[in-house]
Amino acid sequence: MTGFGQANRSFVGYKVFIDAKSVNHRYCEVAVRLPKEWAAFEDALKKTVLQAVKRGRVDVYISAEREAVTSRNVTVDFTLADAYLQAAEQLKQRYGFTENIELKDVLKLPDLVQMKEDRTDPDEQFEMELCACLQDAVARLSDMRVREGAFLEQDIRERLAELKRIHVELQAFAPQVVQDHASKLSGRIQSLLQEQTPVDEQRLATEIAIFADRSNVDEELTRLQSHFQQFDQLLEGNEPVGRKLDFLIQEMNREVNTIGSKANHAELTTRVIHMKAELEKMREQIQNIE
């Protein structure tokens, strides 16, 4: 499911900004983009996302800026200063320069005086703060996914109710298939014989019995009913159910296909096509459910 969440937090002299967004994906993938110097925290950040997201692709973007100036130290490279002064004396002796070197001139020399900030490398406390900030972003992302999930659930429940309605019709209509076939078979035989020879009732009964056995869909209808019940139970739960629902849709589709191949009857075929269309729409929606 899709979602977006933002969070920011200040710690250890940094202002950290985190954006997390998710898109539909059959599996779960997490990609984290963060400053290079924080690369060591990537695994911990991915685990933080995986605690809350079980399906979908999640992209995390982390940026930071220094929030306050830390204390600074000024250092002098005395070895370099000696080298500069020695070079200056050599120039004076060789070319006869008479100017004296002043302090302001020395301070302009490259790399002689350096200023450094007192800063420590990120540690475990920094990692905890960074993951906590990401948890805030993922929580907001999850809220959006929950709202989208509610709409998907409503749509899926409506389609499941339609499947159940058609299932009731199939149960009521299935016995009629054999009766219609018997009437057609008897009429066809009578037409061929042109009422010259009596119909062999025993032979006719045998043919009808064979057809009834081949076209019996009671087992498929019973298994469909069981799948419907399992589907309802999964929708009532609080655990991730996307893959389980996906599996049930495959099983339902298999039973419906079997019913369509067994029942050689126009009315039954029409209902089977309707069920397959609803199942396909449900399958597309379930691909987005965690």
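## Close-up views of a predicted model

View 1. Asp59 is found in strand 4, which covers residues 56-66 (helices, H or I with at least four residues, and strands, E with at least two, are DSSP runs numbered from the N terminus). The model is predicted, so local features need pLDDT of at least 70 and side-chain atom pairs count only at pLDDT 80 or more, while totals for chains, interfaces and linings use all residues. Residues are numbered from 1 along each chain as its sequence is written, and side-chain values use heavy atoms, with hydrogens and water left out. With a relative accessible area of 9%, Asp59 is buried (buried means under 20% relative accessible area, exposed over 50%, and partly exposed in between, with a 1.4 Å probe and protein chains only). Look for the side chain of Arg33, which makes a polar contact of 3.4 Å with the side chain of Asp59 (a pair of N or O atoms within 3.5 Å; within protein, one must be able to donate a hydrogen and the other to accept it, and residues adjacent in sequence count only if both atoms are side-chain atoms). The side chain of Asp59 also has a polar contact with that of Arg57, at 3.1 Å.

**View 2. Asp111 in its loop.** Here you can find Asp111 in the loop between helix 3 (103-107) and strand 6 (113-117). Its phi is near 65°, a positive value in a residue other than glycine. Asp111 counts as exposed, at 52% relative accessibility.

**View 3. Helix 7 from end to end.** The 21 residues of helix 7 (residues 242-262) should span 30 Å at 1.5 Å a residue, and the 31 Å between its end C-alpha atoms agrees with this (the expected span is 1.5 Å times one less than the number of residues). Among the buried residues of helix 7 are Gly242, Leu245, Asp246, Glu251 and Ile259.

View 4. Helix 8 (residues 266-286) reaches 30 Å from its first C-alpha to its last, close to the 30 Å expected for its 21 residues. Leu268, Arg271, Val272, Met275, Glu278, Leu279, Met282 and Ile286 are buried in helix 8. They cover an arc of only 130° around the axis, so they lie on the same side of helix 8 (the arc is that of the directions from the helix axis to the C-beta atoms). On the other side of helix 8, Ala266, Thr270 and Ile273 are exposed. Glu267 is also in helix 8, and counts as partly exposed at 38% relative accessibility. The C-alpha atoms of Glu267 and Phe173 are 8.5 Å apart, although 94 residues separate the two in sequence.

**View 5. The largest pocket.** The largest pocket has a volume of about 520 Å³ (on a 1 Å grid over the protein atoms alone, a pocket is an open set of points where a 1.4 Å probe fits, with protein on both sides within 12 Å along at least five of seven lines, and lining residues have an atom within 4 Å of a point; points are joined across faces, edges and corners, and the volume is the space filled by probe spheres set on them). Of its 19 lining residues, Met1, Gly149, Glu239, Ile289 and Glu290 are the closest to its centre. Helix 4 (124-193) and helix 6 (218-236) are the elements that give two or more residues to the lining, and helix 4 gives the most, with seven.
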